[in-house]
Amino acid sequence: MTYVETIQNFNLMIKAKTIAVIKALVIIGVLLPVSTLSPLAGGITQASAQELNIYSYRKPNLLAPFLDAYQAETGVEFNVVHAPKGLVQRLKSEGAGSPADVVLTVDASRIAELAASELLAPMNSPLIDNKVPAYLRAKDGTWTALSTRARVIVASKTRVSEDAIKRVEDLAKPEWKGRLCSRKGSHVYNRALLASLVVHHGEAAAEQWAEGYVANLARRPQGNDRAQAKAIHAGECDIALMNTYYFGKMANNDKNPEQKDWANSLRIVFFNQEDRGQHINITGGGILKTSKRKDAARKFLEWMVSDQAQKIYAEINYEYPVDSTQAPSPSVAAWGEFKTDALDIEKISAATPTAQMIIDRTGW
Ligand SMILES: [Fe+2]
């Protein structure tokens, strides 16, 4: 049995409980202001010998297959607090009494924010150090990437010729005026990509790029990654940025088959292949300083980078393995091989505030 609590936003909490499958959320709770929560009032208490408490930015349905597999193998049960944001504030307010053992995040900046807030303990795992390349984990051992995703350019197969765009820098060129669609710049995926440009080219050049990119937009920034695919399919624009797994999710979407058409209208462009490589982002994990079960938490994170768990990342969400020697799943591999920008994720995180200021100034 897995207990799940979902915080819809920082001010509201929905208590939910599931049996085995987190997807089937049965809401039994009431809305409570999170500020009134003591650590125990949230429903999660200190984990017992065969339990682990997870605080997660990762969506419950993407987490469930991992927890089910680990529980089947080890007998360890999980209690999960899921929140789209605000975990740092929650952990800080819970302080030393926090029941959290493990934190799982999406995006480079969020795991770095937890580390900068001194909420994470060193994992002390030679296994993780061996398996995960150094640029995908913290130098002080407080967090590691658990999977990677490429943020690629997608372009209309019919309206943008092959090889017309090779570098992400090209998106700022005036020849693409009125051809781009975009999610808001302040979304973590775009902000991390811009942060990588800040690191590679400096703040002034990154801002110049963002100005050119915004000037090329066919419409004001809006919607999620899939909305950009929909717009390209509809002919509203021709080019956008997208995380690779959305391409997989759309191309195989039997529930909403119109999304297959959106994916089919796109060409994936892995950018900067002749220079530094394609920008990637991560999902990550770490152990909380306050955890009373650090050994069990470390074992779980070590299992998350195992070949078995890495296959689940590919199967459920079309993500790439953290271990570059491991082949991606056949459906992911079919998009083509690419060279990765091995820029240190910690440097991307450090440049995130600068990237946000550029986003504010350029109106991305
Ligand atoms: Fe996403």
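Helix α5 passes helix α6 in a right-handed crossing (right-handed if the near helix is turned clockwise from the far one by less than a right angle, left-handed if anticlockwise). The structure is a predicted model, in which local features need pLDDT of at least 70 and side-chain atom pairs count only at pLDDT 80 or more, while totals for chains, interfaces and linings use all residues. Residues are numbered from 1 along each chain as its sequence is written, and side-chain values use heavy atoms, with hydrogens and water left out.

The two helices, α5 (residues 188-201) and α6 (residues 203-215), pack at an angle of about 135° with their axes 7 Å apart. This makes α5 oblique to α6. Here axes are lines fitted to C-alpha atoms, for helices over the stretch in contact, and angles run from 0 to 180 degrees between N-to-C directions. Angles under 35 degrees count as roughly parallel, over 145 as roughly antiparallel, 65 to 115 as roughly perpendicular and the rest as oblique. On the α5 side, the contact (heavy atoms within 4.5 Å) is made by Leu194, Leu197, Val198 and His201. Glu203, Ala205, Ala206, Trp209 and Ala210 supply the α6 side. By class, the contact of α5 with α6 has seven nonpolar, one polar and one charged residues; Ala, Val, Leu, Ile, Met, Phe, Trp, Tyr, Cys and Pro count as nonpolar, Asp, Glu, Lys and Arg as charged, and the others, Gly among them, as polar.

At 0% relative accessibility, Ala206 counts as buried (buried means under 20% relative accessible area, exposed over 50%, partly exposed in between, with a 1.4 Å probe and protein chains only). Leaving aside its neighbours within four places in sequence, Ala206 is in contact with Leu194, Leu197, Val198 and Ile358. Ala206 and Ala355 are 149 residues apart in sequence, yet their C-alpha atoms are 8.2 Å apart in space.

Helix α1 has two helical partners to describe. With α11 (residues 307-317), α1 (residues 60-74) packs at an angle of about 150°, the axes being 10 Å apart. That angle makes α1 roughly antiparallel to α11, and α1 passes α11 in a right-handed crossing. Leu62, Pro65, Phe66, Ala69 and Glu73 of α1 meet Gln308, Ala309, Ile312, Tyr313, Ile316 and Asn317 of α11. This contact of α1 with α11 has eight nonpolar, two polar and one charged residues.

The axes of α1 and α10 come within 11 Å and cross at roughly 115°, and α1 passes α10 in a right-handed crossing as well. Phe66, Leu67, Ala69, Tyr70 and Glu73 of α1 make the contact with Ala296, Lys299, Phe300, Trp303 and Met304 of α10. The contact of α1 with α10 has eight nonpolar, no polar and two charged residues. Eight of the 11 residues of α10 (residues 294-304) are buried, so this helix is largely enclosed by the rest of the structure. Those buried residues are Ala296, Ala297, Arg298, Phe300, Leu301, Glu302, Trp303 and Met304.

Leu63 also lies in α1 and, at 2% relative accessibility, counts as buried. Beyond its neighbours within four places in sequence, Leu63 is in contact with Ile54, Ser56, Val80 and Leu104. The C-alpha atoms of Leu63 and Ile312, 249 residues apart along the chain, are separated by 9.9 Å.

Leu119 lies in the loop between α3 (108-116) and β8 (120-121) and is buried, with a relative accessible area of 14%. Setting aside neighbours within four places in sequence, Leu119 is in contact with Val88, Leu91, Lys92, Leu114, Ile287, Leu288 and Lys289. The C-alpha atoms of Leu119 and Gly286, 167 residues apart along the chain, are separated by 9.4 Å.

For the protein chain as a whole, the secondary structure comes to 14 helices and 12 strands; helices (H or I, at least four residues) and strands (E, at least two) are DSSP runs, numbered from the N terminus. Of the 364 residues of the chain, 57% count as buried. Among contacts between residues at least 6 apart in sequence, 75% join residues at least 24 apart.
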